[in-house]
Amino acid sequence: MNSEKNKHIKQIHQLLSFKKLFRFLLGFSAAVQLIIISYNHLSGYHVLGGFDYFLFRLVRGVGLSVLAGFMLAYPNLFMIRYLNRVAPWNNKTFKRLSIQLCFSIAIAIIVSVAFTASANLLTPYAEDYQGVLINNALIFTVANILVMAILEGWIFSIESRRAEQMAKNLKEELSQIKFEVLKSQINPHFMFNSLNVLSGLINKDTAKAQQFIDEFSHIYRYVLETIEQPVGTLEQELDFMRSYLFLQQIRYGDDLSYSVNIPAHLMQLVLPPLSLQVVLENAIKHNIINETKPLKIEVFSQGTLLVVKNNIQPKFSMSTSTGLGLKNLTKRYALISLEEPVFMVETNHYLAKLPLINIEKDEHTNH
């Protein structure tokens, strides 16, 4: 989370770079100086002696205003970032407005007095010095309130574009993940092996063949029902697991065994659908399963972690695994929770630890 926040702040710094900020302040300062010079001339407060003097006043005023603008803009940006953390717009609007208004006025007066005093030391004002101080303080205050409002709008625009891009990227990634998950479920090897097993059962044991068909249809019905869902309950996943392992046990017989030890109070916690299928397929795919080397799978809980454990007896002739299934499972967890699955080897056993999510508690924590 901290790295994501730092990345976000860095992105705002890049978009509000010195170059962009300079261009904004240059245009803003030129507009303000034109208004001030014109008003002073027309009101008789400071009459211009000619066009050359007008250009001198404009260039000097814009230069000083840009410098003052940076002295106002950076504290404003710091205050905006600070208030985004302690007083966000969505739930502390009045507090934020009050703080920002007071800060804008205070920093404007400080910078105004500093600049007016410096300018007076270089070239003493012909006008009443106290009046110039007050006049400049008012101008700086109004200008800084405008600058603060523009920076808020600018940052809001940046964050909106960033959120839209993230949503677009997330949608594309989710579509890809769904495709990969669906593709892995409709695995041609699994289909081929299942149909071969079914073909053999039809002639030997019609009752078991019918049960095989029922469990086979249950697996693909569950796939189609849950592929668009972000989460499924542990109870549903365990039900799916029993159907999936039933088909595998028809193929491997007693060489493949499993046990489940999960307390009832965890059954309504959730996890990404088909999580167990990914882990179980990984165990069956990568290990030898025969009479001399049976595969034993244990499914149990550690607190709110679902643990799937199997003995390791790797297939030596097997090609290198891409790990795509486990990577996709980790990505699917990232879409629903801050918790991540853990995959590890421990005393000749492979363990997959899948967090069980309490949706209500997780939503409350996020808020």
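Let's start with the open sheet, where five strands follow the order β2-β4-β5-β7-β6 with mixed pairing. At its edges sit β2 (256–261) and β6 (342–346), each of which pairs on one side only. Ignoring direction, neighbouring strands here are turned by 20° against each other on average. Keep in mind that this is a predicted model.

Now look inside the sheet. Strands β5 (residues 305–311) and β7 (residues 349–355) run antiparallel and are joined by seven bridges. There you will find Val-307 opposite Lys-353 in β7.

Helix α8 lies across β2, β4 (295–302) and β5, and runs at about 160° to β2. The 19 residues of α8 (residues 234–252) should span 27 Å at 1.5 Å a residue, and because the end C-alpha atoms are 26 Å apart, the model agrees with that expectation. Buried residues of α8 include Leu-234, Leu-238, Met-241, Leu-245 and Tyr-252. Just after this helix, Gly-253 takes a positive phi of about 65°.

Next, turn to the charged side chains. Arg-96 forms a salt bridge with Glu-152, with the closest N and O atoms 2.7 Å apart. The pair links distant parts of the chain, 56 residues apart: Arg-96 belongs to helix α4 (residues 93–122) and Glu-152 to helix α5 (residues 129–185). Both Arg-96 and Glu-152 are buried.

Finally, a word on confidence. The mean pLDDT of the protein is 81, with 85% of its residues at 70 or more. Over residues 1–5, however, the pLDDT is below 50. Where pLDDT is low, the predicted coordinates should not be read in detail.

Methods: Residues are numbered from 1 along each chain as its sequence is written. This is a predicted model: local features need pLDDT of at least 70, side-chain atom pairs count only at pLDDT 80 or more; totals for chains, interfaces and linings use all residues. Side-chain values use heavy atoms; hydrogens and water are left out. Helices (H or I, at least four residues) and strands (E, at least two) are DSSP runs, numbered from the N terminus. The expected span of a helix is 1.5 Å times one less than its number of residues. Buried means under 20% relative accessible area, exposed over 50%, partly exposed in between (1.4 Å probe, protein chains only). pLDDT is the predictor's confidence in each residue, from 0 to 100. Contact means heavy atoms within 4.5 Å. A salt bridge is a side-chain nitrogen of Lys or Arg within 4 Å of a carboxyl oxygen of Asp or Glu. Two strands pair if DSSP finds at least two bridges between them. Axes are lines fitted to C-alpha atoms, for helices over the stretch in contact, and angles run from 0 to 180 degrees between N-to-C directions.
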